[in-house]
Amino acid sequence: MSDALDYLVKVRGDALGHYFKFLKDAGKHLDPKTRDLISIITKVHAQTEGGFKQYLTRALREGCTPMEVIDALLMAFPALGLAKIVWATEILLEMDLPEFSPELINAKPEWRDVMALADIADGEVKRVDCGARSVFVYRAGETFKVYDSHCPHQVTNIPHLACEGKTLTCPKHHWKFDITTGACIEKGKHPLKEFASKVEGGRLLAWW
């Protein structure tokens, strides 16, 4: 806590308490997407990289589209200024989120080719690059699971070597996932993002 804020808490803690309660109560009337977009803007205004990444990840989980995030930044231009919007965009590019790629940001979901069935054996796990997106594929007989390669915590792109047996471990904060279900089994609580899949003409397709 800064000396100035510490001073205000000491001399007018009663007033600040009411103010923070108002902010908390006011937030309850916002839908989760709107609240998360406002939080993104506040973190960009303060140029808090960790907070920006945290609320960006949360906003995407709550159903915000990448274009809604970009538009929220641009709509806040009068308050943020171009320099802070560029700062946030540079972080977005460094995070390398497939949803923000020019290839996918405006694309409607569709069935996309992942791999040939002959290229993955029963019980095997493979990491596959599909254009702007990378996925982990697990095969159990004629059943397939297709997961986004990004960790749901802070969207770290998990490499192939992070998979041991049926356990996938994010190298950044060591969240562990059961590749057979996508469930987080250690450290965190959010599962891997799973894509619907189907088999057609000897090929595995996934919907995104």
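The following questions and answers go through a predicted model of one protein chain.

Residues are numbered from 1 along each chain as its sequence is written. In this predicted model local features need pLDDT of at least 70 and side-chain atom pairs count only at pLDDT 80 or more, while totals for chains, interfaces and linings use all residues; side-chain values use heavy atoms, with hydrogens and water left out.

Me: How many helices and strands does the protein chain have?
Reply: Helices (H or I, at least four residues) and strands (E, at least two) are DSSP runs, numbered from the N terminus. The C-alpha atoms of the chain fill a box of roughly 70 × 35 × 30 Å along the principal axes. Counted in this way, the secondary structure comes to six helices and eleven strands.

Me: What share of the 208 residues counts as buried?
Reply: Buried means under 20% relative accessible area, exposed means over 50%, and partly exposed lies in between (1.4 Å probe, protein chains only). Of the 208 residues of the protein chain, the buried share is 38%.

Me: How far apart are the C-alpha centres of domain 1 and domain 2?
Reply: The chain is divided into domain 1 (3-100) and domain 2 (111-207), with bounds from an automatic or database domain assignment. Seven residues of domain 1 are in contact (heavy atoms within 4.5 Å) with ten residues of domain 2. The distance between the C-alpha centres of the two domains is 31 Å.

Me: Is helix α2 roughly parallel or roughly perpendicular to helix α6?
Reply: Axes are lines fitted to C-alpha atoms, for helices over the stretch in contact, and angles run from 0 to 180 degrees between N-to-C directions. Angles under 35 degrees count as roughly parallel, over 145 as roughly antiparallel, 65 to 115 as roughly perpendicular and the rest as oblique. The axes of α2 (residues 32-46) and α6 (residues 82-95) come within 9 Å and cross at roughly 110°. That makes α2, relative to α6, roughly perpendicular.

Me: In which loop does Gln 47 lie?
Reply: Gln 47 is not a glycine, yet has a positive phi of about 50°. At 39% relative accessibility, Gln 47 counts as partly exposed. Its place is the loop between α2 and α3.

Me: Is Lys 187 buried or exposed?
Reply: Lys 187 lies in the loop between β8 (184-186) and β9 (194-195). Although not a glycine, Lys 187 has a positive phi of about 80°. With a relative accessibility of 63%, Lys 187 counts as exposed.
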